[in-house]
Amino acid sequence: MLNIFERAVGHDHIDDRVALPFDRRQKSRLRVTLQSGQEAALLLERGTILRGGDCLRAEDGRIIEVLAAEQPVMDVTAADAPTLTRAAYHLGNRHVPLQVGDGWLRLEKDHVLKDMLLGLNVTVHELQAPFEPEAGAYGGGHRHHHDEDAGGNLRPPMRLKRHAG
């Protein structure tokens, strides 16, 4: 079995690919089958979230491209921006991973959320499609202390001021 331990940066070719739905792209320890049919073990740093288009380096130097696999999702649209924004608010309030497009939202298929959304007067279309949710306002996902300088945060870290007294 091929072991894959790290992300690949600065490569000029792709040797193989692996298609994974979002729930599997969030796991750091995972057995996968590459498009070539070869079995591989992903042994990545804890907290790693893979995105479609990311590349990984196998122990033998091969470069493996990650593809966002099609999976059951729901696309949400509305007659106007305030209605769609209201739907996004209610989904965010439930901490639902959400992909945001121009005039649409995408989330993983869920019959309870579909009923809620229909109650908000939006249109819900079920389909099979890749799912790439927002990473989050603070760089997304689980972070470690050594990630602070990675440039992923949208706002600088808070600095507490000490007052004499």
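The side chain of Arg106 comes within 3.1 Å of the backbone oxygen of Pro130. Arg106 belongs to strand S9, which covers residues 104-108. Its relative accessible area is 12%; Arg106 therefore counts as buried, the cut-off being under 20%. Beyond four places in sequence, the residues in contact with Arg106 are Val73, Met74, Asp75, Pro97, Leu98, Gln99, Leu127, Ala129, Pro130 and Phe131.

Strand S9 is part of an open sheet of 4 strands, arranged in the order S8-S9-S7-S10 with antiparallel pairing. At the edges of this sheet stand strand S8 (99-101) and S10, each of which pairs on one side only. On average, neighbouring strands are turned by 25° against each other, with direction ignored. Within the sheet, S9 runs antiparallel to strand S7 (residues 71-77), and 4 bridges join the two. Met74 has Leu107 in S9 as its bridge partner. Helix H2, made of residues 81-93, packs on this sheet and touches S7 and S9. The direction of helix H2 makes about 30° with that of S9.

The model has 1 aromatic pair by the rule applied here. Phe22 lies in helix H1 (residues 22-25) and Phe131 in the segment after strand S10 (123-129), so the pair ties together parts that are 109 residues apart in sequence. Both Phe22 and Phe131 are buried.

Arg25 is located in helix H1, and its side chain comes within 2.6 Å of the backbone oxygen of Phe131. With a relative accessible area of 0%, Arg25 is buried. When residues up to four places away in sequence are not counted, Arg25 touches Leu20, Thr48, Ile49, Leu50, Arg51, Gly52, Val66, Leu67, Ala68, Phe131 and Glu132.

S6 is one of 6 strands that form an open sheet in the order S2-S6-S5-S1-S4-S3, with mixed pairing. The edge strands here are strand S2 (16-20) and strand S3 (29-33), each pairing on one side only. From one strand to the next, the twist averages 35°.

The average pLDDT is 86, and 82% of the residues score at least 70. Over residues 140-163, however, pLDDT stays under 50. For that stretch the model has 16 contacts beyond four places in sequence. Where pLDDT is low, predicted coordinates should not be read in detail.

Key
Residues numbered from 1 in each chain as written. Predicted model: local features only at pLDDT ≥ 70, side-chain atom pairs only at ≥ 80, totals over all residues. Heavy atoms only, no water. Phe/Tyr/Trp six-rings, centres within 6.5 Å; stacked < 30°, edge-to-face > 60°. Buried < 20%, exposed > 50% of the residue type's maximum accessible area, 1.4 Å probe, protein only. Polar contact = N/O pair within 3.5 Å; in protein donor to acceptor, adjacent residues only side chain to side chain. Contact = heavy atoms within 4.5 Å. Pairing = 2+ DSSP bridges. Axes fitted to C-alpha atoms, helices over the stretch in contact; angles between N-to-C directions. pLDDT = per-residue confidence, 0-100.
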